[in-house]
Amino acid sequence: MDRQNQENLGTNRSPTNNEERSSTQSLQGRRLFFYPFLITFIIMFGLWLVLSGHFDAFHMSLGLISCAIVSYLSSDLLFPSPRIRGLFSQWVRFVRYVPWLMVEIIKANLHVTYLVFHPRMMELIDPRIIKFRSKLKSDLALVTFANSITLTPGTITVYVSIDGDFKVHAIDKASGDPLPGEMEARMPGHSVRSNG
Amino acid sequence: MKITGLIIAVLTGALLIYATADFPAWGDPASPASTHVSPRYIEKTIEETAVPNMVTSVLADYRGYDTMFETTVIFSAGVACFLLLRIFRREEPEERLYRHVLTGVTIHVKKGGKLPPSDDFERIDTEWTPHDLIIKTMCRLLIPFIQLFALYVIAHGHHSPGGGFQGGVMLGASVIVLAMSQDLRTAVRRLREKVDALLCATGVFIYAGTGALCLLLGADFLNYRALAPLLNVDPIMARSHGIFIVEIGVGIAVMATMIWIYSNVSSSGKYDEGL
Amino acid sequence: MDNIFLYSGLYLAFLMVLSLYRALFGPTVMDRMIGVNAIGSKTAVLLILIGLLYHRVDMFVDIALAYAMLNFIAVLAASRYFQKRKGLYDESPYR
Amino acid sequence: METITSIKPLLAVLVSLLVTPILVSSRASNVREGWTFVAATAKFLIVLSMLPTILKGTEIVYTVVEFLPGAAIKFRVDALGMLFAIVSSSLWIVTSAYSIGYMRGLKEHSQTRYFCFFAFALSSTIGVAFSANLLTLYLFYEMLSLATYPLVTHHQDLEARSSGRKYLLYIMGTSIGLALPAMLICYNLAGTLEFSKQGFLAGTASKPLLGLLLFMLIFGFAKAAIMPLHAWLPAAMVAPTPVSALLHAVAVVKVGVFSVVRVLTGVFGTNLLLSLDFSPFIIFVASVTILVGSFIALTQDNLKRLLAFSTIAQLSYIVLGVGLLSPKGMIGGIVHIAMHAFGKITLFFCAGAIFVATGKKNISEMIGIGRRMPVTMAAFFIAALSITGVPPCGGFLSKWYLVLGSLEAHQIAILVVLLFSSLLNACYFMPIVYKAFFCRPEEAMFKNTVQEAPLFCVVPLVVTALISIILLFYPQPFFRLASMMVHSITGT
Amino acid sequence: MIWQLDLAILTLVVIVGIGAITVKDLLGAAIMFGAYSFMMCLLWSIMGAVDVAFTEASVGAGVSTVFFVAAVFRTTRRTKD
Amino acid sequence: MNIIVTLLLFAGLFFFTGGAVGILRFPDFYSRLHPAGKLDTLGSLLAITALALFNLHHFSIGTLLTSIKIILILVFVFLASPTATHAIVDAGVRAGLAPWVKGEERR
Amino acid sequence: MSQHYPTLLVTVPLLAAFIISAAGWINKRLCFPFAVATLTVAAYSCVGLLFRVLHEGVVHYRLGGWPPPWGIAYYVDQLNGLVLSVISVSALINLIASKRSIEREFPEKIGPFYTLYVLFVTGMLGITVTGDAFNLYVLLEIGSLTGYALIAMGDKDRAPLASLNYLYMGTIGACFYLLGVGYLYIVTGSLNMVDIASILPGLYQSKAVMTAFIICMVGMWIKMAFFPLHGWLPNAYTFAPSASSSLIAPLMTKVMIYVMIRFILTVFTPKFAFSTLAVSDSVVWLAVIAIVMGAIFALAQRDLKKMLTYIIVAEVGYMVGGAWLGNRAGMTGAILHIVNDALMTLCAFLVVGNIVYKVKGYSFEDLKGLFSKMPFTMGAFVIGALSIIGVPPTCGFFSKWYLISGAIQASHYGFVVALLFSSLVNVVLFFRIIEIGYYEPFGDHHGHDHHPEPMAEAPLSMLVPLFIVAAGLVLVGLYTGDIVNHIIQFVIPKGLL
Amino acid sequence: MGDFIQALVAKYNYWIYITLMMIGLYAMIAKNNLIKKIVGMNIFQTAIILFYVSIGVKKGGTLPIIEHGHGAHSHVVHAVDYINPLPHVLMLTAIVVSVATLGVALALGIRIYNRYHTLEEDEILSQIREK
């Protein structure tokens with residue numbers, strides 16, 4: 001397993017990240033690697049506790065070992081850049097975002113269900129492809145946005161470029177119109193990424 | 001051929017259906033299969049091995065010998081795929097393609113030419129396609145969870161369904177997901193082919209080695225009871241722990257083999273971008 | 001309650017038949033994928049239902065979870081195929 | 001009958017086998033031939049050393065391996081076997097000498113292989129002679145077939161190839177197709193394969209089955225060249241002449257006949273054959289072979305082919321003699337093994353010597369050859385007399401006994417056959433001799449200068465011709481052995 | 001064992017099985033085979049064989065299908081039957 | 001409790017039905033993905049929540065953990081399902097499948 | 001350690017396979033010594049076990065310490081011991097003999113090749129030694145899987161397809177076997193062979209048991225290439241690399257015949273197989289057809305290796321027919337022929353390996369002039385050929401002897417005729433080859449060698465094992481009596497006359 | 001008729017497995033495409049697994065994992081209450097074997113394709129014959 005190459009597989013697009021990575025190899029490297037590791041470890045261990053349901057010493061120690069292994073192997077996948085600033089605020093935004101999304105999803109589904117069971121469905125639907133550019137920058141934000149679009153009324157993300165170009169398939173005109181709209185505004189990571 | 005196949009299939013089926021007449025009814029608790037050998041497994045599993053999941057106890061202890069060979073089957077399948085498909089390219093191709101990671105510009109390098117050592121370029125094949133952002137990111141996020149779940153499955157084989165094999169497959173699958181969401185080279189960079197092959201052998205070796213260790217400690221092959229003094233527990237717990245050790249071995253072997261087979265099949269032995 | 005679960009399960013099986021129609025009769029491979037994916041999402045629910053019918057949900061949850069994960073992998077693999085082979089019906093032989 | 005255990009039979013068999021590695025490894029021809037002589041002499045001496053014991057009426061037994069009860073690799077030296085062994089081992093010495101002359105004279109290739117397989121063949125022959133049961137006999141019989149194949153096909157040309165095919169087809173086909181199953185049936189019937197004085201098949205099966213077995217065994221050992229399974233013998237004449245001489249006048253064909261004799265005496269037994277009245281069948285088959293063989297011989301131009309057909313006819317004398325089942329006839333038949341061997345080998349030697357000296361194969365090309373090769377042709381004449389059965393040669397004795405035997409068995413027809421065939425013999429031999437010496441000068445194809453074949457060729461044939469004569473006056477050992485044999489099986 | 005569900009899924013299994021071998025497209029066959037594995041997994045859960053179901057879920061639904069697709073990717077989708 | 005569970009379950013089944021019917025009725029591949037991707041997800045959401053709730057019937061730490069695990073499935077489905085949908089639609093686009101436009105035959 | 005022989009002989013190769021696999025990644029040259037050492041230990045254990053069995057009777061071994069119906073147990077009797085010894089020894093000999101050709105054919109993949117080689121041997125040994133019906137299936141799959149891979153590495157054009165066909169047929173066969181075991185399990189509730197045998201007598205009339213028997217037998221017949229089911233064998237063995245074909249050809253079919261005999265004798269007693277189920281006569285007739293057809297197909301071939309494969313098909317007919325004659329002699333013949341045929345086939349295929357190594361071909365064209373070019377190889381070939389033909393004192397004769405006498409005792413003359421017919425055809429087959437090697441000048445029509453080489457014998461490391469095998473053919477023939485009296489005799493139950 | 005229905009209810013699982021097995025076997029023999037044959041092979045193997053699992057089923061039995069088993073040695077376990085675990089164990093092995101076979105078979109298929117550029121058996125055979 002070599003760490004240098006691994007960095008590459010993350011999505012370090014900006015030159016800033018590259019510079020950071022070269023500094024990673026210097027003295028700071030170990031410490032910068034440590035935080036993602038630790039956070040991954042904590043998340044993983046929380047998950048383990050939920051999964052396991054056995055709280056005796058044997059299983060707990062197994063849990064520790066397993067979490068350590070996973071963190072060692074994959075913490076860089078979870079946190080491709082060693083910087084973890086702003087993580088917390090992102091999470092807060094995310095938690096606020098989810099309930100809103102839920103409501104949207106239910107609305108979306110009712111809409112689609114209506115279409116599905118409508119006897120003259122063929123006349124109602126009018127599929128089209130909408131293109132727009134999102135202001136979001138980070139991968140994660142883009143992906144969350146794209147998935148949210150997929151989950152919400154009559155739209156499916158067809159293509160996202162790394163620069164935020166979206167292609168969306170909408171089932172009818174009404175579904176496609178409001179994009180990007182409110183959803184983008186509510187996205188976690190929208191504000192955070194501005195410093196990148 | 002179609003008619004022949006049909007005739008053979010129907011004949012076989014007829015013979016088998018004819019034989020079902022003498023079967024005990026489906027789900028009959030008094031059938032020989034349920035009364036002859038299996039009751040001991042059910043009633044004594046806790047007493048003899050301290051493992052509530054009797055499938056695990058039978059799998060890894062009562063019939064642990066089968067399972068050892070089961071793992072060997074997987075291992076040999078991995079070796080077989082390697083033997084059949086792997087191509088070690090000796091001669092340099094006419095030209096190589098390098099992609100600048102940041103801009104996506106592709107550079108053609110003629111035979112003999114060289115790029116300055118840099119992380120910004122990666123070697124690609126003609127087949128290379130841009131990564132899909134959504135898939136790539138989501139898989140990146142999911143992989144650690146899949147891995148943890150797989151480890152959980154291996155560790156809790158005693159109490160719930162699952163065990164080394166299932167966990168190993170999922171561990172392997174996590175790497176396969178990585179290979180699919182990005183490309184095979186990435187996955188191979190994380191887990192080198194040689195390491196993978198060695199892991200594969202190690203996993204099975206752990207299993208068979210545990211058995212042989214019992215042999216060296218004076219008991220029959222795979223009789224984990226003999227491990228008791230070594231692990232410092234009573235013989236019944238020794239069986240339980242023995243099962244656990246073995247499951248780990250199975251997990252490692254299966255994981256490595258799945259990755260091995262996938263890498264070979266998906267790149268037809270070239271270890272390029274793969275699927 | 002068991003009966004409700006049982007009939008829900010049967011109903012899910014019926015829905016699977018509907019999805020299966022797409023899986024069987026295409027017309028394109030993508031349609032099949034949709035059908036199979038739909039079957040997959042129902043299967044996860046069905047697995048938990050079975051667990052409830054057995055009164056041993058804790059044993060089935062793991063399977064359902066693993067199942068959900070791996071079903072995703074299968075779909076992923078199939079879609080990856082089209083990322084590299086850009087033909088719906090015809091194809092270029094691999095060299 | 002007393003028996004003693006001794007390893008001598010095994011030694012006699014092995015001695016020539018043991019010498020083959022040395023033959024293979026030796027590059028120099030002199031060394032090779034020297035070792036051949038050593039082996040041949042040793043073999044002859046070992047065989048001879050057993051003679052006194054046998055003459056005392058004791059049998060020598062040695063079991064090598066026992067595969068299953070009653071079927072082992074086992075040697076038993078009795079009078080009949082002794083007779084055959086003496087004949088073949090003594091003639092090997094002579095033939096070795098002759099081979100040297102012949103092979104060197106013609107500058108043949110692959111001489112090492114030739115000598116090796118020759119030694120191998122002799123081992124098998126002695127093995128057959130000393131075998132104590134049908135299994136051992138079959139074993140060595142097959143070995144002999146295989147060992148002679150490279151000898152027969154020595155020239156490696158197309159003719160040799162087709163002859164080799166024919167040879168194997170006949171020999172191995174019959175032995176596997178007929179003799180082997182017959183042997184197995186015998187074993188299943190009797191539980192043993194050990195030759196016994198009264199035959200081990202007595203009282204084990206019905207007449208039709210026994211008849212079938214007899215048929216299978218007689219024709220199974222096709223080396224006896226009983227018609228219609230004779231065609232391999234003329235074909236095998238493509239071999240170098242020493243091979244034809246030793247193997248197709250002595251070893252191979254005699255092994256066939258010997259096997260048939262063993263079958264008749266050791267497997268079935270005279271009493272059984274008499275009681276079942278199988279004798280006419282054997283006699284009929286043998287008579288037909290004698291007459292047809294002789295007639296065909298009359299028409300041949302190639303000298304070796306003529307000799308081959310002559311051999312076919314002569315072999316059936318032996319079968320006929322034993323088939324008569326009368327003591328005198330049997331003695332005659334058995335002694336004929338020896339008599340015919342010495343006579344026929346001389347004839348072959350002569351044919352070979354002519355070939356070496358002149359390159360001629362056909363009789364029509366040999367007119368006047370007596371003037372060029374007087375010694376050879378004289379020997380030829382003596383041997384021809386012996387084969388025809390005219391004094392002063394050994395052949396007369398055996399024919400005489402055969403005649404007596406046919407009278408004893410009240411088979412006048414056989415008497416006629418014998419006499420008629422002798423006449424035929426004279427008809428195809430005498431013209432050759434006549435033409436060789438007493439042709440008109442303008443007919444003669446050779447100059448008058450004496451130019452014999454190499455010494456190594458001539459000496460052996462002179463020796464064998466002399467022995468043919470001597471045997472008339474001193475046939476004692478052979479007669480003694482034959483009568484011991486007959487005595488022991490018939491009790492008279 | 002829940003025989004009602006069992007019967008329902010068994011029927012599905014047979015249909016999918018026939019589908020998998022009749023589809024005139026290897027990728028389709030691979031996908032159908034994946035569906036077949038889902039069904040089998042369900043079937044085994046219904047019969048109470050959780051471990052087998054787990055294995056089938058991980059192997060059949062996950063890895064085998066991926067292998068199939070990978071192999072089809074490396075070969076061809078074309079099939080005459 | 002049971003009533004809530006039943007209602008949720010039935011709602012989930014309703015959406016599942018919508019998904020299945022939608023897959024059958026919609027005219028082309030892209031539009032079929034809408035019911036398949038969304039309705040099935042929501043159906044899963046409702047049904048699985050129902051089942052998780054039902055599992056808390058006999059409350060204990062064990063059942064609670066089990067319920068959380070069931071919810072984890074849900075989380076996973078929510079993460080994976082849109083991704084899978086996207087993967088399929090991406091495949092369709094790359095395969096060159098033209099979207100259905102109004103007025104065409106059903107495909 | 002001697003009480004652990006039964007497990008050592010399987011686990012030592014198994015453990016070593018993993019070490020070899022790892023060693024292949026570290027240093028390729030380590031693989032061969034490891035493999036040799038492993039198989040030597042295995043062979044030593046096998047022979048030691050055989051002697052122990054001869055002295056002490058049946059050896060029991062409990063794996064994991066569990067008593068038999070619950071755990072997996074080994075019962076090693078004389079039959080196992082004999083077959084085990086043959087397998088391990090021939091595998092060892094072949095390993096040494098094929099070192100050169102392996103190194104030449106797969107220079108990059110030596111490690112995996114030896115791994116699979118040793119695993120294959122493990123599978124074969126395990127099948128032979130195990131006393132558990134299901135365990136046998138797993139080991140069978142090990143043997144088969146490794147076998148498929150080993151075969152597919154041969155001829156670039158043909159071997160993969162042949163191997164894939166083998167895989168299909170082999171899987172059907174193994175699945176049928178598994179199905180049969182399942183049928184037995186459903187009526188007996190046990191998987192242990194001895195335990196099943198003790199329960200079965202009350203169930204002989206059951207349709208399920210009958211079907212189980214038939215299905216098991218059909219499965220094994222597929223695996224052993226019994227005539228109508230032989231389709232996979234000729235191509236698979238012909239196009240395999242010489243190291244694999246000389247490993248698999250002697251072992252696979254023979255081991256399956258062993259399994260069949262084991263099932264007839266131990267699991268379903270002979271009484272059931274031969275009396276209750278009145279099919280033995282038809283099976284023997286099937287064997288007759290197998291022998292005749294095998295011989296005829298062999299006649300039609302134009303290359304040596306394929307001809308040998310059809311001879312194997314015929315030989316399988318010998319053994320199946322012999323076993324199903326239902327009497328002592330026939331069964332003895334079948335068991336003896338397992339040993340002999342393994343050696344004979346090994347000898348023949350080693351010869352082919354040598355020829356391929358030197359001449360790079362095995363069609364009849366390539367054999368021209370080989371007697372002068374490779375006299376020692378061809379000498380060994382002649383011995384092997386004689387044994388296959390059935391000429392005393394080579395071993396082939398004696399098994400044929402028993403088979404024929406068994407057939408005579410059973411009054412099954414069709415089988416006698418078939419055996420004799422095939423012997424005669426073998427004479428034709430082999431002497432045809434000998435003629436080509438003997439008469440035709442070397443490199444006559446064949447393009448690649450115009451200047452005749454006087455001697456181009458295979459290297460000594462290939463010749464010596466070949467000679468050992470050839471000598472073994474004669475020695476086994478000479479000691480047939482001992483083998484039968486001290487080993488095989490005890491295997492066959494007293495009830496079988 | 002009544003008997004038949006009774007048999008149907010008691011044995012239908014076995015019959016379905018036989019049907020599946022026939023499908024698989026038919027595909028293996030009759031199909032021309034190598035990968036299709038592999039699919040058939042897997043169906044065939046799965047059918048057998050189904051058969052085995054069916055053997056293990058017990059009416060009224062629960063999963064073969066002891067309830068409340070963690071450390072509780074006190075309560076008595078009755079064999080009737082649990083499904084027979086042995087077939088499950090065996091079938092785990094069989095599944096593994098089938099996936100191993102699948103891997104090797106696919107590898108072989110790829111090799112064949114790389115050589116002949118087709119997966120149809122008849123086309124491959126005709127290519128071989130042409131040579």
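Visitor: How do you know that chain B and chain H are in contact?
Guide: Contact means heavy atoms within 4.5 Å, and in this predicted model 56 residues of chain B meet that rule with 51 residues of chain H.

Visitor: How is the area buried between chain B and chain H worked out, and what is its value?
Guide: Buried area is the accessible area, taken with a 1.4 Å probe, that two parts lose on being put together, summed over both. For chain B and chain H that comes to about 4,800 Å², with carbon and sulfur atoms giving 77%. On the chain B side, B:W26, B:I42 and B:L84 supply 16% of the area, more than any other three residues.

Visitor: How many polar contacts join chain B and chain H?
Guide: The count is 11 residue pairs, both residues at pLDDT 80 or more. A polar contact needs N or O atoms within 3.5 Å; within protein, one must be able to donate a hydrogen and the other to accept it, and residues adjacent in sequence count only if both atoms are side-chain atoms.

Visitor: What makes B:R63 and G:D132 a salt bridge?
Guide: The rule asks for a side-chain nitrogen of Lys or Arg within 4 Å of a carboxyl oxygen of Asp or Glu. B:R63 and G:D132 have their closest N and O atoms 2.7 Å apart, so the pair qualifies. Across the interface of chain G and chain B the rule finds one salt bridge, whereas between chain B and chain H the count is zero.

Visitor: How much do chain G and chain B bury between them?
Guide: About 5,400 Å², 73% of it on carbon and sulfur atoms. In chain G, G:W25, G:W66 and G:W70 lose the most area to chain B, together 17% of what that side buries.

Visitor: What makes a group of residues a nonpolar core, and which residues have the most contacts inside the largest one?
Guide: Such a core is a set of buried (under 20% relative accessible area, 1.4 Å probe, protein chains only) Ala, Val, Leu, Ile, Met, Phe, Trp, Tyr and Cys residues joined through side-chain atoms within 4.5 Å. The largest has 728 residues, and D:F268, G:F263, G:W324, G:W401 and H:Y17 have the most contacts inside it. A second, separate core of 16 residues includes A:I149 and B:I134.

Visitor: What should I know about the numbering and the values?
Guide: Residues are numbered from 1 along each chain as its sequence is written, with chains lettered from A and ligands numbered from 1 in the order in which they are written. Local features need pLDDT of at least 70 and side-chain atom pairs 80 or more, while totals for chains, interfaces and linings use all residues; side-chain values use heavy atoms, leaving out hydrogens and water.

Conventions. Buried < 20%, exposed > 50% of the residue type's maximum accessible area, 1.4 Å probe, protein only.
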